[in-house]
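Welcome! Take a moment to look over the sequence and the 3D view, and then we will walk through them together.

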Amino acid sequence: MASERYECGLKQLHAVDGEAGIRVIESLREAFPDVAAYVVEFAFGDIYSRPGLGLRERELAVVAALCALGNAAPQLKVHLHAALHVGCRPEEIVEVVMQMVIYAGFPAALNGLAAVREVFGECGIALPLKKAA
């Protein structure tokens, strides 16, 4: 039987990334059940469910952090999808990644933009984005 904390985390995970997030956890659980539980309970049950920030703001922060790390492309792609899923506009996502030029450097931002290109392509979002009038 799953704990209340796990159930809360699973609900948040689904809100953030839909069925794709659930599939990631199921895949992780096959080989590393304890790590899957930690991700659901701690990251989504404890952190994502805190008041103070909405899911949009949390995902923009995660995109910025993963981009700045420069070595987390698979996780960045997951969270780019999640950012779109929770209502972030493509323009916002691109601006957040471009902001990383200042704080993480050109290589990290360029790698981030490559991930953006890939995810946007998968989602049918054409680049370059049209500028608002």
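**A walk through the fold**

Let us begin with one side chain: Glu-92 counts as buried because its relative accessibility is 18%, and the cut-off for buried is under 20%. Keep in mind that you are looking at a predicted model. You will find Glu-92 in helix α5, which covers residues 90-104. What does the side chain of Glu-92 join through a polar contact? The partner is the side chain of Arg-56, at 2.4 Å. Leaving aside residues up to four places away in sequence, Glu-92 touches Arg-56, Leu-60 and Gly-87.

Now for the nonpolar parts. In soluble globular proteins, nonpolar side chains tend to be buried together. Here, the largest nonpolar core has 23 residues, and those touching the most other members are Val-63, Leu-76, Leu-80, Ile-93, Val-116 and Phe-120. Helices α3 (55-69), α4 (73-85), α5 and α6 (106-123) each contribute at least two residues to this core.

Next, look for aromatic rings. The structure holds one aromatic pair. Phe-44 and Tyr-48 form this stacked pair, with 4.5 Å from centre to centre and 25° between the planes. Both Phe-44 and Tyr-48 are buried.

Finally, step back to a wider stretch. An unreviewed UniProt entry lists residues 33-118 as "domain: Carboxymuconolactone decarboxylase-like". Over residues 33-118, the chain is 83% helix and 0% strand, with the end C-alpha atoms 29 Å apart.

Terms used: Residues numbered from 1 in each chain as written. Predicted model: local features only at pLDDT ≥ 70, side-chain atom pairs only at ≥ 80, totals over all residues. Heavy atoms only, no water. Helix = DSSP H or I, 4+ residues; strand = E, 2+ residues; numbered from the N terminus. Buried < 20%, exposed > 50% of the residue type's maximum accessible area, 1.4 Å probe, protein only. Polar contact = N/O pair within 3.5 Å; in protein donor to acceptor, adjacent residues only side chain to side chain. Contact = heavy atoms within 4.5 Å. UniProt positions renumbered as here; feature names shortened; annotations may be inferred. Phe/Tyr/Trp six-rings, centres within 6.5 Å; stacked < 30°, edge-to-face > 60°. Core = buried A, V, L, I, M, F, W, Y, C linked by side-chain atoms within 4.5 Å.
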